[in-house]
Amino acid sequence: MARLSQWLLATAATTALMAGAAQAQEPQQDASRFVMVTHGVPSDPFWSVVKNGAEAAAELVGAELEYRAPSTFDMAKMQQLVEAAVASNPDGLILSFTDENALGGAVQNAVDNGIPVITINSGGDVARDYGARLHIGQSEYEAGKQAAERMQEMGVEKGVCVNHEQGNQGLDQRCDGFVEGFDGNAEQLATTYDPTNIRNAIVAYLNENSDVRGVLTLGALAAEPMIQAMREQGATDMFTLGTFDLSPGILEALDAGELNFAIDQQQYMQGYLPVMFLDQFVKNGLLPAGDVATGPGFVTQENAAQVIELSSQGIR
């Protein structure tokens, strides 16, 4: 019996070694390669958080991620980036679908070539028309409308929506919803994304339109110059101020009571989730059955402190 037991143990050990050697010789599956193309300019802190989320997800699942964006808000350049991404034949494409006229053809081409596409942030209302699998973001029109309704509840009768990227259909929809929420008692103020231009345009507009008491900006690029202008003029208490999106400067202003609210669309999730979803789709054919809403939510002075710590970690 002792010899039989020793023989069984030796046989088991040999079998295990042989299995381990065979397993080691099996070729490892190549990592999936995903390309993310956004319209976010490098100076916009919103998009650095999106990128953080995407990179964290890629590291978690062992995927290769390539992040690409134009140096300025330029739809022609973004179209070139998307076309180049499609030509590289990635395992999945993620993009902010900012302008269907500029990007729709490239997205359809990706789909026709068997590349799964997930859109984020902008264009959720039309992305499926071009074959996108799903959209991750928020209803921009509804978020703008909710901003107007919130200002009205705070006593504002007339407002202005500051659009620093006119032609970005997501930002245009925010302003459209804002104007609708005010029953037409609001206007859109077009600026560039240059901070000095934004500051001067807001000050000039408010000087010329003394009945406007609500100001909505559409992201950190416009919100921070607005906040600075109000501080310089000693006017933070004279207006109801709101913005889309979060940044350290926006959160500081919220915590200090200089900004009334910020609309949070959890941009980290807009980077993280599409990578996770594409990884599951490539490996197992799994995807959510519908679009995924990451917002809108509202951050105010009451809950700003809770968000500041996550912002310092690049998550909010």
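Student: Are Phe-46 and Trp-47 buried or exposed?
Tutor: In this predicted model, a residue is classed as buried when its relative accessible area is under 20%. Phe-46 and Trp-47 each fall in that class. The state of both residues is therefore buried.

Student: What kind of aromatic pair do Phe-46 and Trp-47 form?
Tutor: The ring centres of Phe-46 and Trp-47 are 5.1 Å apart, with 70° between the planes. Planes over 60 degrees apart count as edge-to-face. The pair of Phe-46 and Trp-47 is therefore edge-to-face.

Student: Which parts of the chain does the pair of Phe-261 and Phe-298 tie together?
Tutor: Phe-261 and Phe-298 form an edge-to-face pair, 5.5 Å centre to centre and with 65° between the planes. The two parts are 37 residues apart in sequence. Phe-261 belongs to residues 261-264 and Phe-298 to residues 297-299, so the parts tied together are strand 10 and strand 12.

Student: Which residue has its charged end over the ring of Phe-261?
Tutor: Phe-261 has 0% relative accessibility and counts as buried. A charged end sits over its ring, 5.8 Å from the centre. The ring of Phe-298 also has a residue over its face, at 4.3 Å from the ring centre, and that residue is Arg-150. For Phe-261, too, the residue is Arg-150.

Student: What radius of gyration does the chain have?
Tutor: For 316 residues, a compact globule would have a value near 20 Å. The C-alpha atoms fill a box of roughly 100 × 45 × 30 Å along the principal axes. The radius of gyration of the chain is 25 Å.

How values were computed
Residues numbered from 1 in each chain as written. Predicted model: local features only at pLDDT ≥ 70, side-chain atom pairs only at ≥ 80, totals over all residues. Heavy atoms only, no water. Phe/Tyr/Trp six-rings, centres within 6.5 Å; stacked < 30°, edge-to-face > 60°. Buried < 20%, exposed > 50% of the residue type's maximum accessible area, 1.4 Å probe, protein only. Helix = DSSP H or I, 4+ residues; strand = E, 2+ residues; numbered from the N terminus. Lys NZ or Arg CZ within 6 Å of the ring centre and 35° of its normal. Rg over C-alpha atoms; globule rule 2.2 N^0.38 Å.
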